[in-house]
Amino acid sequence: ILSKRTKDAKSKNGDKLDIFGTSEKKETSVIASTPIPDVLDIPVSQKLAWERELLGIYFSSHPLTRYTEHLKTERILQISDAMPEDGKSITGAGLISRIKGITTKNGDPMAFITIEDMNRSWDCVLFPKDFVKYKGKIAEGEVVLISGRCNKRNGEISIMINMIRNL
């Protein structure tokens, strides 16, 4: 657009443009419309993934937004709304944003999972016996309902997951 506008102005005014790329003559001119190419519609989930990757945050909305009505209908709280406290059992919904699988000293697989809701992120642990049971249900980007016990460690609450299901 800029190069076309500059070329048009140069041909009319003999290369006399001001700082904004307009001619020194105060006549108004109509800029020829520049065709905008047709692009494919990108799914909302892909747009949100790009926002998270490029900006580090969800900018236009949050992936949980489309589940708001379902959560209200089923009376499911987000994890933050369940008000996790040390020793308290909670049930809440969130988005799996990170999974770090490890192997215990005994050779059993387990996972550290970060689950976020619209307010904050929660560190969660999926111990070996539950990891084996639920490993097929966990994937980054999945919206899940979890149940577990809260544990305060180093001043932070983490959740020891004993049930997880996809929403």
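**Entry 1: a cysteine to start with**

Does cysteine 124 count as buried or exposed? I looked it up: cysteine 124 has 1% relative accessibility and counts as buried. For my notes, buried means under 20% relative accessible area, exposed over 50%, and partly exposed in between, with a 1.4 Å probe and protein chains only.

**Entry 2: what I am looking at**

This is a predicted model, where local features need pLDDT of at least 70, side-chain atom pairs count only at pLDDT 80 or more, and totals for chains, interfaces and linings use all residues. Residues are numbered from 1 along each chain as its sequence is written, and side-chain values use heavy atoms, leaving out hydrogens and water.

I checked confidence next, using pLDDT, the predictor's confidence in each residue from 0 to 100. The protein chain has a mean of 83, and 82% of its residues reach 70 or more. Confidence is lowest in helix 1 (residues 2–13), with a mean of 64, and highest in strand 2, at 94.

**Entry 3: the layout**

I found four helices and five strands in the protein chain. These are DSSP runs numbered from the N terminus: helices are H or I with at least four residues, strands E with at least two. Along the sequence the pattern reads α-α-α-β-β-β-α-β-β. Of the chain's 167 residues, 32% count as buried.

**Entry 4: partners of strand 1**

Which strands pair with strand 1? I noted two of them, strand 2 and strand 4. Two strands pair if DSSP finds at least two bridges between them.

Strand 1 (residues 89–103) runs antiparallel to strand 4 (residues 143–153), and seven bridges join them. Here alanine 93 has leucine 145 of strand 4 as its bridge partner.

With strand 2 (residues 109–116), strand 1 is also antiparallel, over eight bridges. Isoleucine 96 stands opposite isoleucine 115 of strand 2. The hairpin of these two strands has five residues between them, and glycine 107 takes a positive phi near 90° there.

**Entry 5: back to the cysteines**

How many disulfides does a search of the whole structure find? The search finds zero. A disulfide is a covalent bond between the sulfur atoms of two cysteines; the cut-off is a pair of cysteine sulfur atoms within 2.5 Å. Cysteine 124 is in no disulfide, and its nearest cysteine sulfur, that of cysteine 150, lies 8.9 Å away. Cysteine 150 is in no disulfide either. I also looked up its cover: cysteine 150 is buried, with a relative accessible area of 2%.
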